[in-house]
Amino acid sequence: MKKLNWGFLGTSFISLTMADAIVAEGSTRIHSAAGRSEVRLKVFAEKYDIEHTYEDFDELIADEAVDIIYIALPNHIHHEYVIKAANAGKAILCEKSLSVDMEKTEEALKAVSENGVFFVEGLMYLNHPFTTAIRDVIASGELGEIRSISGQYCASIAQFVNPHSKGALYNLGCYPASLMHLLLQTEFSSHIFENYQISAMGRRGKDGNICETSACIRLGNGVVCQLHTAEDYGLHAEFTVLGSKASLVLNSNPWLPEAEGNSFTVTPYEQPGDTRTTTAEGNAFLYQVRAIREAIEAGKTRLERPAPTPEDSRQIMQLLTDWEAATRTD
């Protein structure tokens, strides 16, 4: 079987992490890379022994030898290159968040659908066995029915991100929002997101974007979720699910799972807790690369849950844009 060729759009730190995962997985290769910084592109190509480099993103997309386009560009231009890659018939991995508004999201997903190409959003942690283990607890009914979820992700990244990517919500808030989405979908199906209300408070950073926000989300069935994110302090990850019979508390960062150190505790009310660990072969990026390769080799155009489908990505973007619209910063 032909070894699949990746083409990288962008050479930022996330591209380095993905490149490391491709090398570690070992069954595909980085054929081409494109970047707007000649120096950084050269360093990236030398580090990963990439033979073909471009300073024009469109030229890389047109390269007939490239099978998979990895879009590691700022959020606000993701849709533009999803559309171009889809029109060129390429498989696509687009970094999160898929976009920064619903108009761009719909344009991107329409191009994917019309061209029948493989597509997945880079919520890499959803491919890791730790996420599967968390989801399995929900599916088993061990917690009873979900009554409440709280999630928080803060990291000091504001100085590194493009201001047009619209801040904490789309750079970090997508993580607790997408895990909440997965678990509620597992318990109640996707229809749960047809009816919800959001109220939120926050503040804006020097670039004018929302740099911190807390949201309260009330679903149509009465489940209440609280999400918080900030991009200018800390490194803190926290996630709790309260069910009618027991609670689930994540002890490690669910959004950066590694080979070791992944654990959560299930506690039936008024009883001792049960801490469970998940050991894996590597980090979430490794599993993402493997899942994409296996899907494309099998002729599929999407991954299966718990990885995000295009429909899931759309619902997550709707949650994020509604959260943004609801956030009061005055």
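Residues are described as buried when their relative accessible area is under 20%, exposed when it is over 50%, and partly exposed in between (1.4 Å probe, protein chains only). The structure is a predicted model, in which local features need pLDDT of at least 70 and side-chain atom pairs count only at pLDDT 80 or more, while totals for chains, interfaces and linings use all residues. Residues are numbered from 1 along each chain as its sequence is written, and side-chain values use heavy atoms, with hydrogens and water left out.

His 79 lies in helix H4 (residues 78-87); helices (H or I, at least four residues) and strands (E, at least two) are DSSP runs, numbered from the N terminus. Because its relative accessibility is 12%, His 79 counts as buried. Apart from neighbours within four places in sequence, His 79 is in contact (heavy atoms within 4.5 Å) with Leu 98, Lys 104, Glu 107 and Ala 108.

In soluble globular proteins, nonpolar side chains tend to be buried together. A nonpolar core is defined here as a set of buried Ala, Val, Leu, Ile, Met, Phe, Trp, Tyr and Cys residues joined through side-chain atoms within 4.5 Å. The largest such core comprises 103 residues, and those with the most contacts inside it are Trp 6, Phe 8, Leu 9, Ile 92 and Leu 184. Helix H7 supplies the largest share of this core, 11 residues. With neighbours within four places in sequence set aside, the contacts of Phe 8 include Met 18, Ile 22, Ile 30, Phe 44, Leu 60 and Tyr 70.

Strand E10 (residues 224-230) is largely enclosed by the rest of the structure, because five of its seven residues are buried. Two strands are taken to pair if DSSP finds at least two bridges between them. Strands E7 and E10 run parallel and are joined by seven bridges, with Ser 150 opposite Gln 226 in E10. Strand E9 (residues 210-219) pairs with E10 in the antiparallel sense, over seven bridges, and Arg 218 stands opposite Val 224 in E10. The hairpin of E9 and E10 has four residues between the strands, and Gly 222 in this hairpin takes a positive phi near 100°.

A pocket is an open set of points on a 1 Å grid over the protein atoms alone, where a 1.4 Å probe fits, with protein on both sides within 12 Å along at least five of seven lines; lining residues have an atom within 4 Å of a point. The largest pocket holds about 1,100 Å³ of space. Of its 39 lining residues, Ser 12, Phe 13, Ile 14, Phe 160 and Val 161 are the closest to its centre. Helix H1 (13-25), strand E7 (146-155), helix H7 (168-188) and helix H8 (284-297) each give two or more residues to the lining.

Most residues other than glycine have a negative phi, and most peptide bonds are trans. A cis peptide bond joins Lys 96 and Ser 97, with omega about -15°; Ser 97 is found in the loop between strand E5 (91-95) and helix H5 (102-115). The bond from Arg 305 to Pro 306 is also cis, with omega near 15°. Lys 166, in the loop between E7 and H7, has a positive phi of about 75°. Glu 270 likewise has a positive phi, of about 65°, and lies in the loop between strand E13 (262-268) and strand E14 (274-278). At 86% relative accessibility, Glu 270 counts as exposed, whereas Lys 166, at 26%, counts as partly exposed.

Key: Grid points are joined across faces, edges and corners, and a volume is the space filled by probe spheres set on the points.
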